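User: I would like to go over the charged contacts in this model. Could you take me through them?

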Amino acid sequence: MDNNPTIPLYPQEYVSTLLSRIAELEASEIKLIEERDHAEDALSDMFEAATGERPKWSNWFGFRDAVDVVANRHDESNYPEIPEGCVVVPLVPTTEMIAAAMDSIDVTFDDDD
């Protein structure tokens, strides 16, 4: 009884096809890893801009968690900060603002403007 396992012999063309496919899959995986790394870098930069610190990635804190933290910070923030006693007004006056100005006694309306 022979204890040596039989190693099947495959045609060179079949082996070449398999090796080519393996190389394609490896290249695809490398590209995917690089894309993930770029996304992680961008997300880390966004997280740092919002919180002042770099994220500490782990099994418990992932990309979705970082996005949630940034979204919550953005919702809670008064960005840009409006000083006390000030209000935000539009750059271009609304129709209501123009009508109110026209109705004011100390404003004169010039049709050319």
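User: How many salt bridges does a search of the whole structure find?
Analyst: The model is a predicted one, and the search of the whole structure finds five salt bridges.

User: Which residue forms a salt bridge with D45?
Analyst: The partner of D45 is R54, and their closest N and O atoms are 2.7 Å apart.

User: What is the relative accessibility of D45?
Analyst: D45 has 45% relative accessibility and counts as partly exposed. R54 is also partly exposed, with a relative accessible area of 37%.

User: Which residue has its closest N and O atoms 3.0 Å apart from those of R54?
Analyst: That residue is E48, which forms a salt bridge with R54. E48 has a relative accessible area of 35%, so it is partly exposed.

User: Changing topic, where do D68 and R64 lie?
Analyst: Both are in helix 2, which covers residues 63–76. They are four residues apart, about one turn of the helix. D68 and R64 form a salt bridge, with 3.0 Å between the closest N and O atoms.

User: Is R64 buried or exposed?
Analyst: R64 is exposed, because its relative accessible area of 55% lies over the 50% cut-off. D68, at 33%, is partly exposed.

User: Which residues are joined into one network?
Analyst: D45, E48 and R54 are joined, through salt bridges that share partners. R54 forms a salt bridge with D45, and R54 also forms one with E48.

Note on methods. Residues are numbered from 1 along each chain as its sequence is written. This is a predicted model: local features need pLDDT of at least 70, side-chain atom pairs count only at pLDDT 80 or more; totals for chains, interfaces and linings use all residues. Side-chain values use heavy atoms; hydrogens and water are left out. A salt bridge is a side-chain nitrogen of Lys or Arg within 4 Å of a carboxyl oxygen of Asp or Glu. Buried means under 20% relative accessible area, exposed over 50%, partly exposed in between (1.4 Å probe, protein chains only). Helices (H or I, at least four residues) and strands (E, at least two) are DSSP runs, numbered from the N terminus.
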